[in-house]
Amino acid sequence: MADVVHYERDGAVGVITVDNPPVNALSVEVRAGLVDALARGLADAGAAALVILGAGRTFIAGADIREFGKPLTPPDLNEVIGRIEASPKPVIAALHGTALGGGLEVALGCHYRGAVVSAQVGFPEVKLGLLPGAGGTQRLPRLIGVEPALEIIVRGDPVPALKAHALGIVDEIVPGDLRAGAVEFAARVAAEKRPLRKIGASDEKLLAARSNPAVFETFRTGIERQARGYLAPFKCIEAVQAAVTLPFDAGLRRERELFVECLLSPQSRAQIHAFFAEREATKIPDVPKDTPVRLIKTAAVIGAGTMGGGIAMNFANAGIPVTVVEATAEALDRGLAVVRKNYAATAEKGRLSPAEMERRTALIRGTLDFQAVADADVVVEAVFEDMGVKKEVFAKLDRTCTAGAILATNTSTLDVDEIASATARPGSVIGTHFFSPANVMRLLEIVRGARTAKETIATAAELARRIGKVWVLAGNCDGFIGNRMLAGYLREAEFLVEEGATPAQVDRVIYDFGFPMGPFAMSDLAGLDVGWRIRKGKAHRRPKDLRDSPVADRLCEQGRFGQKTGAGWYRYEKGSRTPIPDPEVEALVAASAKEQGLTRRAVGDEEILARCLYPLVNEGARILEEGIALRPSDIDVIYLHGYGFPRYRGGPMFWADTLGLKRVYEEIAAYHRTHGRHWQPAPLLRTLAEQGQSFRDFKGTGA
Ligand SMILES: NC(=O)c1ccc[n+]([C@@H]2O[C@H](COP(=O)([O-])OP(=O)(O)OC[C@H]3O[C@@H](n4cnc5c(N)ncnc54)[C@H](O)[C@@H]3O)[C@@H](O)[C@H]2O)c1
């Protein structure tokens, strides 16, 4: 067995070091190694106390996720922790880096915990659709009380050392060298003959919740909206409840049952998929990690409209000074006022200090003088969606910017190569497709043009990381990945309404599936005029022989642009965002259906779900086949972060895999027969279905 846990003596203290790079994950070797090292420490007459610490950059950072779902090789973690807790010599955990999940559970099995100030502890399991399964839900409430434990276990966010100290998770903050400090702490515990604090054996902190069981119901109600559709947060609550209602050992068994229930649920598989998908997306086969990147010290944004202001905030938030260039003083004032309002709103909620707000606002400088972009290292163009305007801007950028500058366009539908052709440096031109609101949405599609240089891609990727985006590389095509897929989703939603469903019914089905809102509420929020203008625009590249429902255009012709005009697919009371079904829309839909000779019918919920979501899958398959997306999981990342696809379903491609591609293909083929060319099955989908494969088996087109 690999030697991943060492034991040695330091004065009167035995030091157990977990040395399993990179993050000391709790592999079977580590678990067995801990048992052996503990036995050595107990047998070592010269050791009055023991310290457990991690080699390298962190304490035990958690379980070995890759062991999940595989048969467990003993010893299991509960047994290891049980032995530590039962040790007759005091055991002290010395924490640095991230003591998460199983790492924190090991630390809670110890009698005392010291930590350096930069350490973090936490139970992120819930984010993978799981719960701490080695005593975490039983020991943490016994250590710090039920309510703070629920906060940590159910939300899954890391807790910095000082807060952990204030809560009582960490007993001492160790100044200076961790090992020396922890050894000193352990020696002191032994010398003072402090009692062994066996958390599993103490009940005092549970008493409050025992006499007030309503605390669980209150907590449940508090997270209901945010955790809608998710299983794990509610199972976490049940597990903590078991700590209060059952004796410790029975609680551990209950926790294990709940853990297994979560582990076997499709949700945890989906959430683990999402976790790995996000990491995978940052790997571009022909742009290796060591590709040189250009240093970005200053940025510029052209256009201070809906997107430009938000994009500028991204740079300012990351400490990058940004110049915003507008065409008119009026547009500039309006744009900068929105930026200030956004910062003020965040500050009012207490999420930004006044000083920080000032600092960020000061980093954004507005101007009408195009020359001001001359020394920017990156320029993001966010002017009107009009090829003529964009080309003019890029020609000017080409004349004005330094040779090394990255020239990025935020276009959502236009051809990045054509935009690049307005410059003499297409290698420096790239698409950076932000999502609205750009200061809030984490997704960024990085669009690679035919001539975009690898260095430009690597620089855009590094910049995306710096400004905190989840990014995915997309090829250049109409709508790139996300919006190209969305077109079919919206088209079918509108057809369904023409055929007899109501916008409210379609929205309810999609909401119940787990999206934050359905297609009609979303369109009203985004503004119907955006798509209308694109449809009318000459630069629109969608084939003209495919019919769209005319209803959306008619709504726009009546000035119904959505929430901003108080009416769209729904109507809105003044100052309210609540969609109210509108008989006028119903009449418009009925008239349109009649014109097309449609007999309206009752449409079932299942049909709504299939007809809205299958187009995502079918178009996704084409996107893969064309090499527009590198991998199915990249598409999933885009839908999870840009479109509100429920994370617990993993994304559209993962979801299709869970249904089975044979079924998905057959249903799409059936719609093709009844509804025509829109539903032409993607060849890749057909091939995978016929071969009994899944998207996850797809290894690229080799293109
Ligand atoms: N709105 C969205 O949801 C969204 C999402 C993703 C991408 N996009 C894309 O982002 C871009 C901007 O969209 P928007 O919604 O912010 O548009 P917008 O109309 O709100 O803003 C465009 C701004 O650009 C300014 N402008 C026009 N020509 C200019 C020039 N030559 N120099 C300087 N400023 C100029 C205008 O005055 C206006 O303020 C478009 O390409 C759009 O397709 C929009």
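This is a short tour of the model, stop by stop, with something to select each time.

**Before you start**

You are looking at a predicted model, in which local features need pLDDT of at least 70 and side-chain atom pairs count only at pLDDT 80 or more, while totals for chains, interfaces and linings use all residues. Residues are numbered from 1 along each chain as its sequence is written, and side-chain values use heavy atoms, with hydrogens and water left out.

**Stop 1: the domains**

Colour residues 5-259 as domain 1, 299-476 as domain 2 and 483-697 as domain 3; these bounds come from an automatic or database domain assignment. Now keep domain 1 and domain 3 on screen: their C-alpha centres lie 46 Å apart. Four residues of domain 1 are in contact with seven of domain 3, where contact means heavy atoms within 4.5 Å. The two domains bury about 430 Å² between them, 45% of it on carbon and sulfur atoms. That buried area is the accessible area (1.4 Å probe) that two parts lose on being put together, summed over both. On the domain 1 side, select Arg 228, Gly 229 and Tyr 230, which lose the most area to domain 3, together 93% of what that side buries.

What about polar contacts across this interface? Two residue pairs are in polar contact, both at pLDDT 80 or more. Such a contact is a pair of N or O atoms within 3.5 Å; within protein, one must be able to donate a hydrogen and the other to accept it, and residues adjacent in sequence count only if both atoms are side-chain atoms. Salt bridges across the interface of domain 1 and domain 3 come to zero; the rule asks for a side-chain nitrogen of Lys or Arg within 4 Å of a carboxyl oxygen of Asp or Glu.

**Stop 2**

Pick Arg 31 and Glu 67, which form a salt bridge with the closest N and O atoms 3.2 Å apart. The pair links distant parts of the chain, 36 residues apart: Arg 31 is in helix 1 (28-43), and Glu 67 is in the loop between strand 3 (49-54) and helix 2 (77-86). Helices (H or I, at least four residues) and strands (E, at least two) are DSSP runs, numbered from the N terminus. Arg 31 is buried at 4% relative accessible area, whereas Glu 67 is partly exposed at 28%. Buried means under 20%, exposed over 50% and partly exposed in between (1.4 Å probe, protein chains only).

**Stop 3: Lys 390**

Go to helix 16 (387-400) and select Lys 390. Is Lys 390 buried or exposed? At 1% relative accessibility, Lys 390 counts as buried. Its contacts beyond four places in sequence include Glu 381, Glu 385, Thr 409 and Leu 414.

**Stop 4: Ala 501 and its surroundings**

Ala 501 is in the loop between helix 19 (482-499) and helix 20 (503-513). With 0% relative accessibility, Ala 501 is buried. Among the residues it touches are Val 506, Arg 601 and Ile 608. Next, select Arg 601 and Glu 607, whose side chains meet in a salt bridge (3.0 Å, N to O). Salt bridges that share partners join Arg 491, Glu 492, Glu 499, Arg 601, Glu 607 and Arg 611 into one network.

**Stop 5: helix 22**

Finish at residues 528-536, helix 22, where Leu 528, Asp 529 and Trp 532 are buried. They sit on the same side of the helix because they cover an arc of only 90° around its axis, taken from the directions from the helix axis to the C-beta atoms. The buried residues of helix 22 pack against helix 21 (519-526) and helix 23 (551-557).
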